Amino acid sequence: MECTCCGACCVAPDIAALDKPLGLRCPHLGADNLCTVYERRPQVCRDYAADDVCRRIEAPTLEERVHNYLALFQLTGEAEAVRTSGCASMRTARAVAALSSRTRVPGGVA
C-alpha cells in the first residue's frame with residue numbers, strides 16, 4: 001500500500017525512540033502532516049510501511065483516523081488517560097499508568 005501521508009502513524013501510536021506518548025501528536029509532525037525531521041527520523045519511523053491498518057482506519061480527518069486506530073487496538077481509554085494527565089513524555093505516561101494500576105483496589109476505592 002502506498003503511504004497517503006495522513007499523519008495517523010505519527011499521532012496514534014507511542015514512539016519510544018522519540019519518547020512520544022500514545023495518542024499525542026509527534027512534535028516533528030508539521031501542519032501538512034509531513035515529518036519535519038524526515039532525513040534524520042528514527043529507525044522505527046524509517047522502517048514503518050503503510051499496511052492494512054491504514055486502510056482500516058481511513059477517515060476524512062486526522063482526528064478521526066487517530067480515533068479509529070486507538071479503537072482498533074482498544075487503546076482509547078489509555079490514550080485519554082495520557083491526554084488528561086498532561087504527560088508529554090511516553091516514559092512519564094507509562095510510569096503514571098503503572099502507579100495508577102498499582103493503587104487501584106477492587107470496588108474502585110483506594
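Modeller: Of the 36 residues lining the largest pocket, Cys3, Cys9, Cys10, Cys45 and Tyr48 lie nearest its centre. The model is predicted, so local features need pLDDT of at least 70 and side-chain atom pairs 80 or more, while totals for chains, interfaces and linings use all residues. Numbering starts from 1 along each chain as its sequence is written, and side-chain values use heavy atoms, without hydrogens and water.

Colleague: What makes a residue part of the lining of a pocket?

Modeller: An atom within 4 Å of a pocket point; a pocket is an open set of points on a 1 Å grid over the protein atoms alone, with protein on both sides within 12 Å along at least five of seven lines. Here the volume is about 850 Å³, and the lining divides into 27 nonpolar, four polar and five charged residues.

Colleague: Which helix gives the most to that lining?

Modeller: H1, with three residues. Helix H1 (43–47) and helix H2 (52–56) each supply at least two.

Colleague: Why is cysteine 87 called buried?

Modeller: Its relative accessible area is 9%, and buried means under 20% (1.4 Å probe, protein chains only), so cysteine 87 qualifies. Cysteine 87 lies in the loop between helix H4 (76–85) and helix H5 (90–103).

Colleague: What does cysteine 87 touch?

Modeller: Not counting residues up to four places away in sequence, Pro21, Leu24, Val82, Thr92, Ala93 and Val96; contact means heavy atoms within 4.5 Å.

Colleague: Where in the chain is confidence lowest?

Modeller: In H5, at a mean pLDDT of 76, on a scale from 0 to 100. Helix H3 (residues 62–72) is highest, at 97, and the chain averages 89.

Notes. On a 1 Å grid over the protein atoms alone, a cavity is a set of points where a 1.4 Å probe fits but cannot get out, and a pocket is an open set with protein on both sides within 12 Å along at least five of seven lines; lining residues have an atom within 4 Å of a point. Grid points are joined across faces, edges and corners, and a volume is the space filled by probe spheres set on the points. Helices (H or I, at least four residues) and strands (E, at least two) are DSSP runs, numbered from the N terminus. Ala, Val, Leu, Ile, Met, Phe, Trp, Tyr, Cys and Pro count as nonpolar, Asp, Glu, Lys and Arg as charged, and the others, Gly among them, as polar. Buried means under 20% relative accessible area, exposed over 50%, partly exposed in between (1.4 Å probe, protein chains only). pLDDT is the predictor's confidence in each residue, from 0 to 100.
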